[in-house]
Amino acid sequence: MKVDNKFFWENEDIIATQDRPVTSSSNYEVYLYEKVVAFLENKQNLFAKVFGCGTGREIPEIIKHIGVERIYASDIAENMIKKCNENLISWELNDIVITEVADAAEFQDNNHSFDIVTIMNNMLTYVTSREDRNIIFKNSYQMLNNGGCIIGVVHHQKGSPQKTAYFFVRRLLKPFLKTEIGYRLTGFKGFKFGGYYFSKHEMVKHLSDNNFKNIEVISLVEFSKKKGIGYNRLKGYNNLLFFATK
């Protein structure tokens, strides 16, 4: 069944797959959090903007690894925010986290500025419009304080052999495609909707085009080599991690 992005994430069955009673971070997420801490040099009274917060899994981890005074979190799905608010109460974090329902491509906050913007959980994979992706990066840059930073994770065009071959063929067929090379149907639980998978070059360009500096974009394969840990190229998603500063 093909649906739109918002319909998919409003579905209770989908929300249940994202809701976890115990929060935890993957090693590559911790890597990004540690880069933020190192760059900000233990700066105090940090404000963070979290795009695509979902059920809130990453929020306690941001607080644990970075430490923030206030988090403003948003998600496109009203039901996701509802579940996130329930979790925040159970985690006793509702006093420092403010949530709202908002499309990231339309979100603007003229009342607050932030030291950190996070776009985790492959949220940008669900933004199929290049224009909308650029708007998100442009607005993120504008809402950051000078010396602030942005981190995130997206799906990569290179990964398992099947996925790599799929996007290789799409690059060959580029003159005949009606959609961008990175476009692909995604989803689960019987639902399908449009998604976008990035090349490393594209992610660097998105960030540089929107004035970010100190840009680092690495794949999970590169991250694993850097950390000296094993990685299964045949099965791994090989996501892209990104870090940049204002």
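In this predicted model, residue G182 sits in the loop that connects helix α7 with strand β6, and because its relative accessibility is 0%, G182 counts as buried. Leaving out residues up to four places away in sequence, G182 touches Q157, F167, G195, Y196 and Y197. The C-alpha atoms of G182 and T128 are separated by 8.7 Å, although these two residues are 54 residues apart along the chain.

**Around the loop between α7 and β6**

- L173 also has its place in the loop between α7 (161–172) and β6 (183–186), but with 39% relative accessibility L173 counts as partly exposed.
- On the surface, L173 belongs to a nonpolar patch together with F168, V169, L172 and F176, and the accessible area of these residues together is about 540 Å².
- Strand β6 pairs with strand β7 (residues 193–196) in the antiparallel sense, over four bridges, and T186 has F193 in β7 as its bridge partner.
- The two strands β6 and β7 form a hairpin with six residues between them, and in the turn G187 has a positive phi of about 120°.

**Strand β1 and its partners**

- Strand β1 (residues 47–51) is mostly covered, since four of its five residues are buried.
- Strands β1 and β2 (residues 70–75) run parallel and are joined by five bridges, with F47 standing opposite R70 in β2.
- On its way from β1 to β2 the chain passes through helix α4 (residues 58–65), and this β-α-β crossover is right-handed.
- Strand β1 also pairs with strand β4 (residues 114–119), again in the parallel sense, over three bridges, and here K49 stands opposite V117 in β4.

- Just after α4, G67 takes a positive phi of about 85°.
- I15, which lies in helix α2 (residues 12–18), is buried, with a relative accessible area of 3%.
- Apart from neighbours within four places in sequence, I15 is in contact with W9, E10, T55, N79, M80 and K83.
- From C-alpha to C-alpha, I15 and F114 are 28 Å apart in space, and in sequence they are 99 residues apart.

**Salt bridges**

- The model has twelve salt bridges, one of which joins K35 and E216, with the closest N and O atoms 3.5 Å apart.
- Because K35 lies in helix α3 and E216 in strand β8 (residues 213–219), this pair ties together parts that are 181 residues apart in sequence.
- K35 is partly exposed at 23% relative accessibility, whereas E216 is buried, with a relative accessible area of 18%; the cut-off for buried is under 20%.
- K83 and E86 meet through their side chains in a salt bridge (3.1 Å, N to O), and both residues lie in helix α5, three residues apart, which is about one turn of the helix.
- The side chains of K200 and E222 also meet in a salt bridge (2.9 Å, N to O), and since K200 lies in helix α8 (residues 200–209) and E222 in helix α9 (residues 220–227), the pair ties together parts that are 22 residues apart in sequence.
- K200 counts as partly exposed at 32% relative accessibility, and E222 counts as partly exposed at 31%.
- A network of salt bridges links R130, R133, E180 and E202.

Technical notes. Residues numbered from 1 in each chain as written. Predicted model: local features only at pLDDT ≥ 70, side-chain atom pairs only at ≥ 80, totals over all residues. Heavy atoms only, no water. Patch = residues over 30% accessible without salt bridge, like charges linked within 9 Å, V, L, I, M, F, W, Y side chains within 5 Å. Areas by Shrake-Rupley, 256 points an atom, 1.4 Å probe, with all protein chains shown as cover. Salt bridge = Lys/Arg side-chain N within 4 Å of Asp/Glu carboxyl O. Buried < 20%, exposed > 50% of the residue type's maximum accessible area, 1.4 Å probe, protein only. Contact = heavy atoms within 4.5 Å. Pairing = 2+ DSSP bridges. Right-handed = clockwise from strand over helix to strand, strands pointing away.
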